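I opened this model to look up its helices, its surface and its charged pairs. My entries are below.

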Amino acid sequence: MFVGEIFGPDLLVVIIAGAVLLFGGAAIPKFARNLGQSKVEFEKGMKSVKEIKDISATPHSPEVDTTP
């Protein structure tokens with residue numbers, strides 16, 4: 001049995017209709033907005049981790065003593 005057979009377009013319609021009935025029409029846009037904000041925050045976190053990883057991977061130049 002393939003995943004495409006289980007999660008077809010008819011099941012998606014049933015899930016959306018059930019969510020609207022369960023949570024109400026006003027809650028769905030709020031949920032979608034929160035989901036989008038979560039995605040943006042996750043991407044910011046991934047970007048900062050990548051930047052930290054890139055900074056730590058670059059070789060540092062040796063420190064030069066400039067004191068007289």
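Entry 1, ground rules. I am working with a predicted model, in which local features need pLDDT of at least 70, side-chain atom pairs count only at pLDDT 80 or more, and totals for chains, interfaces and linings use all residues. I number residues from 1 along each chain as its sequence is written, and side-chain values use heavy atoms, with hydrogens and water left out.

I looked up the secondary structure as DSSP runs numbered from the N terminus, with helices as H or I of at least four residues and strands as E of at least two. The protein has three helices and zero strands. I read the order from the N terminus as α-α-α.

I took accessible areas from the Shrake-Rupley method with a 1.4 Å probe; for residues, only the protein chains shown count as cover. The protein exposes about 6600 Å², and carbon and sulfur atoms supply 70% of that area. I call a residue buried under 20% relative accessible area, exposed over 50%, and partly exposed in between. Of the 68 residues, 1% count as buried.

Helix 2 has 15 residues and reaches 21 Å from its first C-alpha to its last. That is close to the 21 Å expected at 1.5 Å a residue, where the expected span is 1.5 Å times one less than the number of residues. Zero of its 15 residues are buried, so helix 2 lies largely in the open. Just after helix 2, I found Gly24 with a positive phi of about 90°.

Entry 5, nonpolar patch. I joined nonpolar side chains (Val, Leu, Ile, Met, Phe, Trp, Tyr) within 5 Å, and like charges within 9 Å, using residues with over 30% relative accessible area and no salt bridge. Leu12, Ile16, Val20, Leu22, Phe23 and Ile28 form a nonpolar patch on the surface, with about 590 Å² of accessible area together. Which helix gives the most to the patch? Helix 2 (residues 9-23) does, with five residues. Val20 is found in helix 2 and is partly exposed at 39% relative accessible area.

I counted a side-chain nitrogen of Lys or Arg within 4 Å of a carboxyl oxygen of Asp or Glu. The count comes to two. Glu43 and Lys39 meet at 3.1 Å, N to O; both lie in helix 3 (residues 27-57), four residues apart, about one turn of the helix. Glu43 is partly exposed at 41%, whereas Lys39 is exposed at 51%. Lys44 and Glu41 meet at 3.7 Å, N to O; both lie in helix 3, three residues apart. Lys44 is exposed, with a relative accessible area of 51%.

Note on methods:
Buried means under 20% relative accessible area, exposed over 50%, partly exposed in between (1.4 Å probe, protein chains only).
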